[in-house]
Amino acid sequence: MGKVLITGGNKGLGHELVRVFYENNYEVFTVVRTVEAAEELKYEFKQKCHPIVVDLRFDDSIEKIKSVLAKITTEIDIVINNAGVPGREYEIENVLAEEIEELLNIHCLGVVRTVQGTIDFLRNSTNPRIINISSRLGSLSKMSLGEFGSRNFSYSYRIAKAAQNMLTICLNNELKSQGICVNAIHPGKLKTTSGSSDADLNPNEAAERIFNWIETLKISDSGSFTQPFVGDWPW
Ligand SMILES: NC(=O)c1ccc[n+]([C@@H]2O[C@H](COP(=O)([O-])OP(=O)(O)OC[C@H]3O[C@@H](n4cnc5c(N)ncnc54)[C@H](OP(=O)(O)O)[C@@H]3O)[C@@H](O)[C@H]2O)c1
């Protein structure tokens, strides 16, 4: 039985990823922020779903993830860094440092903490993969060409996803040679509460595509920024 850890599993894309992996016989570990969310997931998914209650903004999440995992398993095959929040301000006069700090903390440092909490378990897998749920809005290349220019996307979200993309590249540079596959995904424009006004994809459909794509991943694919079954995005 495969084992997957998914952050932000209580709603949106993360919840659909929990469902699709669970239905495909994976043992699912999922990071959520509240006891209520953990109880709901245990009720919905019964035996093979293990919520881990942590807030990825804080360093203690690393040891909490390790200690919960260690009680149940020695290995994790797939880590999906999905947790995230949208930003707000899109005009420089209104941008607040604390909003940028908050999004960098979740989208970039939250991924660092999750990888630090799971790396020993990934190393025990025969086919370890780390998938970072990025965004088209983190593409420096697309942004520099002025794409999406007419839309009011926040400074904080674009900066945080670009930072997360660099983290994906750094992780790939270090871990690919150790047999750990590391990739970034643009999941599509999702109809979730955090989705953009031009959203056109149901999160359940996106989760199915991501699941099927992850199943095909080989170590030679490590280091890509991809929209599953659509194509690669430029970094
Ligand atoms: N929606 C889109 O169109 C779109 C497009 C491209 C990329 N993405 C990315 O896809 C991912 C999922 O998006 P979504 O639309 O499904 O978002 P969502 O519905 O808002 O869900 C976000 C999840 O992240 C969790 N989370 C937020 N901050 C956290 C923290 N500090 N610690 C632990 N968990 C935390 C949330 O938990 P709580 O319920 O406790 O807040 C929630 O479970 C995000 O990384 C997003 O940036 C989304």
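**View 1. Helix 4 and helix 6 cross at roughly 25°, their axes coming within 7 Å.** Axes are lines fitted to C-alpha atoms, for helices over the stretch in contact, with angles from 0 to 180 degrees between N-to-C directions. The model is predicted: local features need pLDDT of at least 70 and side-chain atom pairs pLDDT 80 or more, while totals for chains, interfaces and linings use all residues. Residues are numbered from 1 along each chain as its sequence is written, and side-chain values use heavy atoms, without hydrogens and water. Helices (H or I, at least four residues) and strands (E, at least two) are DSSP runs numbered from the N terminus. Helix 4 and helix 6 are therefore roughly parallel (angles under 35 degrees). Their crossing is right-handed (the near helix turned clockwise from the far one by less than a right angle). Residues of helix 4 that meet helix 6 include Leu104, Cys108, Val111 and Ile119; on helix 6, Tyr157, Ala160, Gln164, Leu167 and Leu171 are among those in contact (heavy atoms within 4.5 Å).

**View 2. Helix 6 runs from residue 155 to residue 175.** Its end C-alpha atoms are 30 Å apart, which agrees with the 30 Å that 21 residues should span at 1.5 Å a residue (1.5 Å times one less than the number of residues). Among its buried residues are Ser156, Lys161, Asn165, Thr168, Asn172 and Leu175 (under 20% relative accessible area, 1.4 Å probe, protein chains only). The cover over the buried residues includes helix 4 (97–122), strand 5 (129–133), helix 5 (140–144), strand 6 (181–185) and strand 7 (225–227).

**View 3. Helix 1 passes helix 2 in a right-handed crossing.** The two axes come within 12 Å and cross at roughly 30°. That makes helix 1 roughly parallel to helix 2. His15, Val18, Arg19 and Tyr22 of helix 1 make the contact with Leu41, Glu44 and Phe45 of helix 2.

**View 4. The largest nonpolar core has 31 residues.** A nonpolar core is a set of buried Ala, Val, Leu, Ile, Met, Phe, Trp, Tyr and Cys residues joined through side-chain atoms within 4.5 Å. Phe21, Ile80 and Ile131 have the most contacts inside this core. Elements giving two or more residues to the core include strand 1, helix 1 (12–23), strand 4 (78–81) and helix 7 (203–216). Beyond four places in sequence, Phe21 touches Val4, Ile6, Tyr26, Val28, Ile78, Ile80, Phe211 and Ile214. A second, separate core of 22 residues includes Cys108, Ile119, Ile130 and Leu167.

**View 5. Met1 lies in the segment before strand 1 (3–7).** Met1 has a relative accessible area of 61% and is exposed (over 50%). Met1 touches Asn25, Tyr26, Glu27, Lys48 and Asp77, leaving out residues up to four places away in sequence. Met1 and Tyr26, 25 residues apart in sequence, are 5.8 Å apart from C-alpha to C-alpha.

Conventions: Parallel < 35°, antiparallel > 145°, perpendicular 65-115°, else oblique.
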